[in-house]
Structures are given as structure tokens and as C-alpha cells.
Amino acid sequence: MGIVVENVSKKFGSFQAVDQVNLEIQSGSLVALLGPSGSGKSTLLRLIAGLEKPDSGKILLTGKDATNQSVQERKIGFVFQHYALFKHLTVRQNIAFGLEIRKTLPKKVKGRVDQLLELVQLSGLGDRYPSQLSGGQRQRVALARALAVEPNVLLLDEPFGALDAKVRKDLRAWLRRLHDEVHVTTVFVTHDQEEAMEVSDEVVVMNKGRVEQIGTPADIYDNPATAFVMSFIGPVNVLPSSSKIFQSSGFNSPNPEVFLRPQDVIIEKVANGTTTPASVSRVIHLGWEIQVELRLDDGQTMTAHLTRDRFDQLELEPQQRVYVKPKDAKSFPIYYSI
């Protein structure tokens, strides 16, 4: 087992940052801690790293109780959002820093740094300084420095948050490939749902200091355990269960609200007995898909996502009369707002 968190809690004053969290992370896996600001994900990461002490509970690393161990004893590699590189040191010197303070033999340091420069695709840039690199390159140096000491666990706190969208997407794919090569147990914090779904083997969704759900990206998206998870992972329409779209389709729920993904809204040009009338308010072209904003006759508004082929078949325009029904609606006993 890579990491075990047993009933861990942490308060800062009156604020309950982490509340009785239990979590098991398999050795060699890549796991995302996902949630909004204030959900406790970064605090949990710092507790695993030893940068914070839990008020209660235990943390085990590679089968050993590490609750009271120092950061150094835990053999943790940590990468922050803002690189934290030494500006006066070259790329090579930054990567070698952790090895040198451990008094590693110079020949071994050189070999390890050369290996890592190749691994993070920065061969030939070892003599440059951080100011001479792009943001994406600096983050790769930070990852190489964390990996240099061969940590048992690699922890990443919003590692791509300071980068622009294109670089962030490229680095996500690169991180996944890197992990598949080194297989070090990795936990990364993010508030970006797409990032968590694209990179990780497993996603831990957090809200208000607690774990709402743990599962593969497919499980989290297709089978959300709570209203919060469904509303946080991907776009969703939230409608009253009394809305005509559910009455017409035969979907009955004892709960006050029903959740419906935009891609699960079926649009037809002709009524068929299970549909309800609506009008097209707006059409937004998003490239590979089309977003259609709709208004039902009962005043409720909703969004549908269509493939370009389906949109071309329907030939939709603003103010057009259409008929809609849900394909896969979900309902939960309690809705926790984000």
C-alpha cells in the first residue's frame, strides 16, 4: 500500500479544514485530489507531506506509521504551483540540489541529473538558468528536482495552475507519460475537473473537508454518489422535479431537484408523446460540439450539447420551436450547493 489516511482531522482555529478523512492510495498509482477552494485538498496533501500535523488520526506511508515523522524522514518529493526553483542556480544545479545536501558522490549526482534531464525532455538545457526557460520548462525542472532523490511518494500542489491553457494541457499529457515510466506513487491537487479526469487513475472528490467520492474518472462522471459530485464534475442542468420535461417523459422523483447533463437532453423537431415543448434561446458554436440554450414552456431554462452532425440534422435557429426529453436524469436526496 502506498498511502493510507486513517480518520484524519485538522482544524485551523474554528475552521475545520479536514474532517475525519479515510483514504487508501495504491502504490504506483496517480491520484487526483479534486475540489473547490476551501474543500481541504491542499491541507490533506500537506498532512501527507508532513508539512502539517493532524489533530487526530494516522498517516501511513509504504506500510509504516508516518504520523509523527519529519518531512525528511518521509522521503517525499513535493512540487509547488510556482516552481520554487533557485534563481541563482542552473537547471542542472537545481536538480542536483537535493542529492548534494545528502552528500551523494559527485559521479552519481552527474549520472542521475543526466538521466532526469533526458526523462523530462530538457537535455541540452542543463546550463541555463530558470529565467531563461518557459513556464512549462521550469515546472519540468521542478518535477525533475523532486524525483532526483528517488522519493517514495511524489506530491504535486496545483502543479500547472500558473501556466496558460495550452501549456497546461501539454504538460498534463506529459505528466501522465512520465508517471507511466517512473511509477512513483503520485498525488496531485487540482480544482480543474478536466485535469483530474485526464491524468489520474483515481479521483478523490473533496467538499468541506470531507471525501464525497473516490473512483475512476469514468465512475465519478457516470455514477456520481452525491448531488455535489454531479454538480462539480462537468456541466449539469438542475431542474425542479415538478418540471414538465420529467412529467412528460415519465421520470418521477421524490426529491425536489433533478440533475441532467447537457448531452443527455434529447431534442426533436416533432412531438412524440414523451417530449415537452421548448424554444431555442441561443445557439453557441464550441467547435466540436454545439451548445443550445432552451426555455421550456413552464419558464425553466436548460442547456443541451449536440454533436455537429446532429445539430446540422435539426437545423436549429434562435426562437425555433422544438421538443425535448431527458435521456439519463439523476436525483439525490439532498443537494449541497458548491
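Predicted model: local features only at pLDDT ≥ 70, side-chain atom pairs only at ≥ 80, totals over all residues.
Residues are numbered from 1 along each chain as its sequence is written, and side-chain values use heavy atoms, with hydrogens and water left out. Local features need pLDDT of at least 70 and side-chain atom pairs count only at pLDDT 80 or more, whereas totals for chains, interfaces and linings use all residues.

**View 1. A salt bridge joins Glu194 and Lys169.** The side chains of these two residues meet at 3.2 Å, N to O; a salt bridge is a side-chain nitrogen of Lys or Arg within 4 Å of a carboxyl oxygen of Asp or Glu. Glu194 belongs to helix 6 (residues 193-199) and Lys169 to helix 5 (residues 165-182), so the contact ties together parts that are 25 residues apart in sequence. Helices (H or I, at least four residues) and strands (E, at least two) are DSSP runs, numbered from the N terminus. Glu194 is partly exposed at 46% relative accessibility, and Lys169 is partly exposed at 40%; this class lies between buried (under 20% relative accessible area) and exposed (over 50%), with a 1.4 Å probe and protein chains only. The structure holds 18 salt bridges.

**View 2. Arg176 forms salt bridges with Asp180 and Asp201.** The Asp180 pair meets at 2.7 Å, N to O. Arg176 and Asp180 both lie in helix 5, 4 residues apart, about one turn of the helix. The Asp201 pair meets at 2.9 Å, N to O. That pair links distant parts of the chain, 25 residues apart, with Asp201 in the loop between helix 6 and strand 9 (202-207). Asp180 is partly exposed at 39% relative accessibility, as is Asp201 at 33%.

**View 3. The largest pocket has a volume of about 670 Å³.** A pocket is an open set of points on a 1 Å grid over the protein atoms alone, with protein on both sides within 12 Å along at least five of seven lines; lining residues have an atom within 4 Å of a point. Grid points are joined across faces, edges and corners, and a volume is the space filled by probe spheres set on the points. Of the 22 lining residues, Ile76, Gly77, Phe78, Arg102 and Val149 lie nearest the centre of the pocket. Strand 6 (76-79) supplies the largest share of the lining, 4 residues.

**View 4. The second largest pocket has a volume of about 220 Å³.** Its lining includes Glu194, Tyr221, Trp288 and His305. Helix 6 gives the largest share of this lining, 3 residues.

Definitions and conventions:
1 Å grid on protein atoms, 1.4 Å probe; cavity = no way out; pocket = protein on both sides within 12 Å on 5 of 7 lines; lining within 4 Å.
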